[in-house]
Amino acid sequence: MKRLMLVSAFVLAGCYTEEAVQPKGVATFDVQVKGLYVANSNPRAALPVADECAARHNGNQSQVPLEVRGTPDCRYLIPRSAVDIDLDITAIDAKGQQMEAFNGPVAFRVVPGNLTGAYNYRWTNLTNGKGTGTVRASQLYGEMHVWVQDEAPEVDYSEGQVMPGDLPEEPATRSYATGLSRALQFEEPTLATVQTPQNSDQLTAYNGTYMRIGRNPESGSVLRQNCEDGDPNDNEPVTLLVTGTDPGGFFVTDLTACRVRENSVPGANIQTAEPDGYYPGRFNALYIYNYSFPEGLDPGDLLWTVAGSVQEFTATTQLTFPSWSVREHVRLLPQSEWDKYLRLAPPTELNGRLCGYSSSLYVTDPLCGYSYGNYKMESLESALVKVRRVKFPEVIHSCDANGNGLVPFFCPDTRAGTWGACGGDTAGDPDVPERQCNIECTLGVGQFAGKVCSEKNTFDTFGQFVVEMNPTGAPEAGLDGSVGARIQYVGRAVDGNAATAEWASSKELGPGLKLNIWCDKAALLRFGGSTLPASADVPVAARTLLKHTLTSTQAFVWAAAQNEAGGAVTCQVGPDARTRINVVMKDAVPDLVVNCREDDPDAERAQQCRFMHGATFDIVGHLRQVSAARPRWMVLPRDLDDVCCNPGPDMQCPKPIEPCANP
């Protein structure tokens with residue numbers, strides 16, 4: 001017992017209390033946001049907030065206080081270009097006091113979002129624990145914070161070579177302490193957020209960003225559109241519609257997306273403005289790549305949300321590794337209601353104006369939407385579109401001379417008005433013959449002059465083939481009158497006496513040009529030079545389409561009324577640019593034999609081929625692009641019902657295509 005007490009005494013004698021060692025160094029940073037501005041604006045422009053917030057401050061953006069901006073009731077608009085964020089920064093020690101001993105560089109980060117621009121926007125120096133800085137960032141949406149970190153700035157070699165002075169001199173040690181700004185609230189993203197071009201770049205600015213679009217009812221109030229004043233969709237709930245499925249995923253369209261003015265997106269190449277001043281599409285459709293068929297989804301279903309990683313694939317924006325939540329399964333309704341939402345998403349007809357026609361013929365006209373600045377087509381990417389009265393290929397020809405399964409694509413030399421290799425010297429290039437073959441086939445020139453040709457290797461590998469679009473001409477004749485400046489009006493009044501009939505001529509046209517001529521009354525035509533040719537009259541009946549290809553000695557069209565016309569005659573002369581677009585039909589109509597021969601030994605196959613070559617077709621489908629394809633835009637019908645036929649004279653539609661209801 002004495003021994004136990006003695007041991008206890010020794011233990012008690014060894015007990016003592018020592019004050020804990022206090023941590024040293026910086027613990028965090030106090031980050032105060034002093035303002036958000038449109039990058040490179042001069043004078044400096046504050047980033048705008050939602051219109052309903054500005055309306056609460058006399059409708060004046062400049063009167064919205066800083067402390068109100070970026071709050072849940074006064075969200076910033078999602079910017080379409082880089083944003084500069086001014087900061088006041090204070091180093092804080094473990095006791096919550098300013099750490100005046102902190103001197104050195106700190107780095108910036110934004111979440112969500114990405115830093116952009118020069119490196120001086122990615123870090124700043126603190127002196128005696130205080131400093132200021134400006135962060136330049138893009139891809140901002142939802143709830144965002146600016147981070148200040150005691151670590152090295154992020155190096156992004158995609159922005160270019162790092163030059164001396166771009167990065168700070170690294171201190172001996174780093175604490176990796178971090179501080180966050182208050183939450184800055186931006187608009188919640190929509191499909192248009194992802195699709196609308198930013199920074200004068202057709203590709204999405206959100207590439208590589210994980211994003212959720214829409215909101216489940218259990219997650220809060222419904223997500224609503226924030227449109228400009230006068231837009232009928234302003235404040236309407238975001239409504240996500242499945243417009244079609246395919247073996248790898250599905251297409252979704254936001255039915256209530258805002259209109260987008262043509263002059264509001266930087267970098268646009270607008271050759272002919274839209275009559276109403278708005279893009280034909282609303283950048284409101286997206287392809288969701290599911291890696292397999294989306295079981296449980298049907299065209300016409302409504303979704304609450306769709307989420308995934310934003311990616312560019314062959315220049316088409318898509319979500320990958322997706323998830324989604326269903327709002328309504330239409331197949332649970334009576335069959336008569338399966339398309340009740342699809343009726344709210346009618347297809348937009350593609351025409352010369354959307355393809356990028358200017359007032360006169362241009363070298364890239366044969367490839368619809370060739371310009372990467374053509375945001376008219378971009379506004380419709382992954383949406384439902386329609387092409388009308390297109391001609392299928394008469395020839396499917398292989399340009400793969402060496403049998404390697406590859407055919408080189410081509411680009412225009414706009415200055416020379418020719419086509420060739422894409423940015424390089426072709427001296428000694430073994431691909432020249434294959435490339436030239438591809439050019440001639442795709443454009444219908446050279447050995448394929450006057451024919452609709454599609455390259456066989458591309459057809460066999462990808463199922464895509466070239467079709468020729470409805471040509472420019474009188475709308476009354478069912479032709480494309482979308483660019484009125486391309487149609488010439490030729491005609492004069494006469495007194496009914498053929499001997500004194502007055503002739504009128506067109507402006508000069510190019511020899512070899514294919515023309516579509518339509519006259520409102522019976523007319524006489526002549527083709528030749530700048531003075532009335534002595535050639536025989538070519539009569540054309542009233543309101544009847546005449547196709548004529550100018551010879552090497554013909555550059556003008558002359559027109560006069562026939563005797564019985566009785567008065568003025570007006571002929572519309574439309575030059576045919578022979579514009580092409582691609583179609584992929586292997587999944588929608590697998591039984592249609594596109595690569596056929598009219599001299600096939602099998603009489604039935606030969607007849608079906610003649611029917612196909614003699615017809616024109618109306619096709620509805622989703623619009624996608626493949627940057628290396630020529631043409632690079634393509635229409636993907638969903639099923640047989642998306643394709644109909646206008647049979648040729650005394651012909652039928654090829655099986656299994658049905659005639660169009662309204663030819």
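Let's start with Pro-631, which is found in the loop between strand S32 (616-625) and strand S33 (633-636). Keep in mind that this is a predicted model. The bond to look at here is the one joining Arg-630 and Pro-631: it is a cis peptide bond, with omega at about -5°.

A cis bond also turns up between Lys-655 and Pro-656, with omega near 0°. Pro-656 has its place in the loop between strand S34 (643-646) and strand S35 (658-659).

Next come two residues with positive phi. Phe-283 is not a glycine, yet its phi is near 55°. You'll find Phe-283 in the loop between strand S12 (249-254) and strand S13 (285-289). With a relative accessible area of 1%, the Phe-283 residue falls under the 20% cut-off, so it counts as buried.

Thr-314, again a residue other than glycine, has a positive phi near 50°. Is Thr-314 buried or partly exposed? At 29% relative accessibility, Thr-314 counts as partly exposed, because that value lies between the 20% and 50% limits.

Now for the rings. How many aromatic pairs does a search of the whole structure find? The search comes back with 14. One of them is Tyr-76 with Phe-186, a tilted pair with 5.3 Å centre to centre and 35° between the planes. Tyr-76 sits in the loop between helix H2 (51-55) and strand S2 (83-93), while Phe-186 sits in the loop between strand S9 (184-185) and helix H3 (191-195), so the pair ties together parts that are 110 residues apart in sequence. Tyr-76 is buried, at 1% relative accessibility, and Phe-186 is buried too, at 0%.

There is also an aromatic cluster, made up of Phe-251, Tyr-287, Tyr-289, Tyr-291 and Phe-321. Tyr-287 from that cluster also has a charge over its ring, from Arg-624.

| Charged residue | Ring | Distance to ring centre |
|---|---|---|
| Arg-259 | Tyr-278 | 4.3 Å |
| Arg-624 | Tyr-287 | 4.5 Å |

Technical notes: Residues numbered from 1 in each chain as written. Predicted model: local features only at pLDDT ≥ 70, side-chain atom pairs only at ≥ 80, totals over all residues. Heavy atoms only, no water. Phe/Tyr/Trp six-rings, centres within 6.5 Å; stacked < 30°, edge-to-face > 60°. Helix = DSSP H or I, 4+ residues; strand = E, 2+ residues; numbered from the N terminus. Buried < 20%, exposed > 50% of the residue type's maximum accessible area, 1.4 Å probe, protein only. Lys NZ or Arg CZ within 6 Å of the ring centre and 35° of its normal.
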